[in-house]
Amino acid sequence: MVREIPIARINANYDVAGVDQSITFSGLQSSSPSGNITNYSWYFSDNTSKSGASVTHSFRSVGNYSVTLIITDSKGISSNPSSINIVVRNFDSSVIQTIN
């Protein structure tokens, strides 16, 4: 019997942000062929973690950060990690919000 694993997909409203700018991350486009998604685990390379289908996070320092999502379905099967990179720069985040 082949067990199909869930597929984690990350969307973010920004891939470049300012220091302390709130970024929304969504895993709602993730899927599981064998069950409903019951857990969304988020890991940020600033040594923090969160759970939920959608979360917000901000980074306190300039740098390049990775964001990783692992989902688990109702059968207890976990996805492979899915990751994206976020670049945090030292600028006024209100400028970015106006442009976007």
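Student: In which sense do strand β2 and strand β8 pair, and over how many bridges?

Tutor: This is a predicted model, in which local features need pLDDT of at least 70 and side-chain atom pairs count only at pLDDT 80 or more, while totals for chains, interfaces and linings use all residues. Residues are numbered from 1 along each chain as its sequence is written, and side-chain values use heavy atoms, with hydrogens and water left out.

Strand β2 (residues 16-18) and strand β8 (residues 82-89) are parallel partners, joined over three bridges. Strands here are DSSP runs of E with at least two residues, helices are runs of H or I with at least four, and both are numbered from the N terminus; two strands pair if DSSP finds at least two bridges between them. Within this pairing, Ala-17 is set opposite Val-88 of β8.

Strand β8 also runs antiparallel to β7 (residues 63-73), with seven bridges between them. There, Leu-69 has Ser-82 in β8 as its bridge partner.

The loop between β7 and β8 holds Ser-79. Ser-79 has a relative accessible area of 7% and is therefore buried (under 20% relative accessible area, with exposed meaning over 50% and partly exposed in between, for a 1.4 Å probe and protein chains only). Leaving aside residues up to four places away in sequence, Ser-79 touches Pro-6, Ile-7, Ala-8, Leu-69, Ile-70 and Ile-71, a contact being heavy atoms within 4.5 Å.
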